[in-house]
Amino acid sequence: MTSDHVPEKGCETILEPPFLVPADQNGKFCFAAKCIYLCIRLEASTFRVEGGTVALADNILKLKAEKNALILAHNYQRPEIQDIADYVGDSIELSRRAMEEKDARIIVFSAVDFMAESAAILNPKKKVLLPVLGARCPMAQMLTVEEIKRSKSQHPRTPVVLYVNTLAAAKAECDICCTSANAVEVVSSVDADTVLLGPDRNLAEYVQRKTGKTVIPIPEWGFCPTHLLFQPEDVQILKSQHPEAAVMVHPECTFEMQKAGDFVGSTSQMCRYAKESKATTFIVGTEEGVLHRLRKDNPAKKFFLAYDGAVCPNMKLNTLERIYVSLKEEKHVVTVPEPIAKHARKALQRMFELK
Ligand code: 13P
Ligand code: SF4
């Protein structure tokens, strides 16, 4: 990053790709990986744009107009990014928005790799930019093409449903995609009593409970490191302080956390629930970024994060500075080779055809 690109103020991070959370053969964090992850998580929680935010935001908006760009930001993005984005949403909303975009020449996708990849697959004529190459979802890396092929050979003729938190090459091997917002509907729509679903084991178990179908998780152990941080004990403590609070939980959380929830759903479904609910206090079981939107949309309501350390370091790699540089230099362009994209597109389109 050079000084003519960004104002002097604002801190820079030194995390470089690949930024993955490795697991041992049993899919558990090995001790070293856990330490690295926790250190990075702590670092991520201290990132701050200390000054120049307004000027930087103005410069991004000017550049965006000059270059005819659209900025899409996930609900987990930093507040200052959400505030300059054209659209803030959950994974399905952002994919649909990218797919339907006609006018913009560039789509800047402030989120993680698999979301930008889906945008490039669904709208291949647009230049899709991922501001930081290292912003990769570790869960998406947990399901390889080899693992899908192995599971298919063990369960022939069993439909494969893949969470959008997967890489394009994995999507190309599945029958239909789903997100946390529609996984129950997608699996219900599949004409089979048994399905393979990956990579998130907690989501697979949630869908099995909701649909009554047999949902086989692939791999057996897939997980989101950020959502695994939530513990039901934290909810109990907050509940004792705010007994009237409604509890909202993401399906990537453990079953014990889901049981503690009054509502289980995607990030945008939580935003809708909070708006429509009579409750005025909420305990939130998902990544901390969503609290910005919740508080902005509901200034009279109170929101408490169920666990203060619930930060997705991958999502937080995006900063205003990096978005500015990304737009200025038109990097990093996300492309998916057409032989893979055409199969992945079909799986995504089948999901969109459901509604
Ligand atoms: P949503 O679809 O709920 O936004 O979730 C995406 C995600 O990565 C959750 O960790
Ligand atoms: Fe991936 Fe979890 Fe981060 Fe979502 S919160 S992008 S699933 S690591």
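Predicted model: local features only at pLDDT ≥ 70, side-chain atom pairs only at ≥ 80, totals over all residues.
User: Are helices α4 and α5 roughly parallel or roughly antiparallel to each other?
Analyst: Helix α4 (residues 91–100) and helix α5 (residues 113–122) have axes that come within 8 Å and cross at roughly 30 degrees. Angles under 35 degrees count as roughly parallel. The crossing angle of α4 and α5 therefore makes the two helices roughly parallel.

User: How many charged residues does the contact of α4 with α5 have?
Analyst: On the α4 side the contact is made by Ser91, Leu94, Ser95, Ala98 and Met99, while α5 contributes Met115, Ser118, Ala119 and Leu122. Sorted by class, six of these residues are nonpolar and three are polar, and the number of charged residues is none: there are no charged residues.

User: In the sheet with the order β10-β9-β11-β12, why is one side of β10 and of β12 left without a neighbour?
Analyst: Four strands form this open sheet, and the pairing is parallel. β10 (263–264) and β12 (302–305) stand at its edges, so one side of each is left without a neighbour in the sheet, the reason being that each has a single partner strand.

User: What is the bridge partner of isoleucine 283 in β12?
Analyst: Strand β11, made of residues 281–285, pairs with β12 in the parallel sense, and the pairing runs over four bridges. In β12, the residue that partners isoleucine 283 is phenylalanine 304.

User: At about what angle does α12 run to β9?
Analyst: The strands across which α12 lies are β9 (246–249), β10 and β11. The angle at which α12 runs to β9 is about 165 degrees.

User: Is the crossing of α12 and α13 right-handed or left-handed?
Analyst: The axes of helix α12 (residues 267–276) and helix α13 (residues 290–297) come within 10 Å, crossing at roughly 25 degrees. That angle makes α12 roughly parallel to α13. The contact involves Thr267, Met270, Cys271, Ala274 and Lys275 of α12, together with Val290, Arg293, Leu294 and Asp297 of α13. As for its hand, the crossing of α12 and α13 is right-handed.

User: How many polar residues does the shell around ligand 1 have?
Analyst: Ligand 1 is surrounded by Asn75, Asp90, Ser91, Asn165, Thr179, Ser180, Ala181, Cys224, Glu252, Ser266 and Thr267. By class, this shell has two nonpolar and two charged residues, and its polar residues number seven.

User: Into how many nonpolar residues does the shell around ligand 2 divide?
Analyst: Ligand 2 is surrounded by 14 residues, and the closest of them are Cys137, Met139, Cys224, Thr226 and Cys312. Four residues of this shell are polar and two are charged, while the nonpolar residues number eight.

Conventions: Residues numbered from 1 in each chain as written. Chains lettered and ligands numbered in written order. Near = placed C-beta within 6 Å. Nonpolar A, V, L, I, M, F, W, Y, C, P; charged D, E, K, R; others polar. Axes fitted to C-alpha atoms, helices over the stretch in contact; angles between N-to-C directions. Parallel < 35°, antiparallel > 145°, perpendicular 65-115°, else oblique. Left-handed = near helix turned anticlockwise from the far one by under 90°. Contact = placed C-beta atoms within 7 Å. Pairing = 2+ DSSP bridges.
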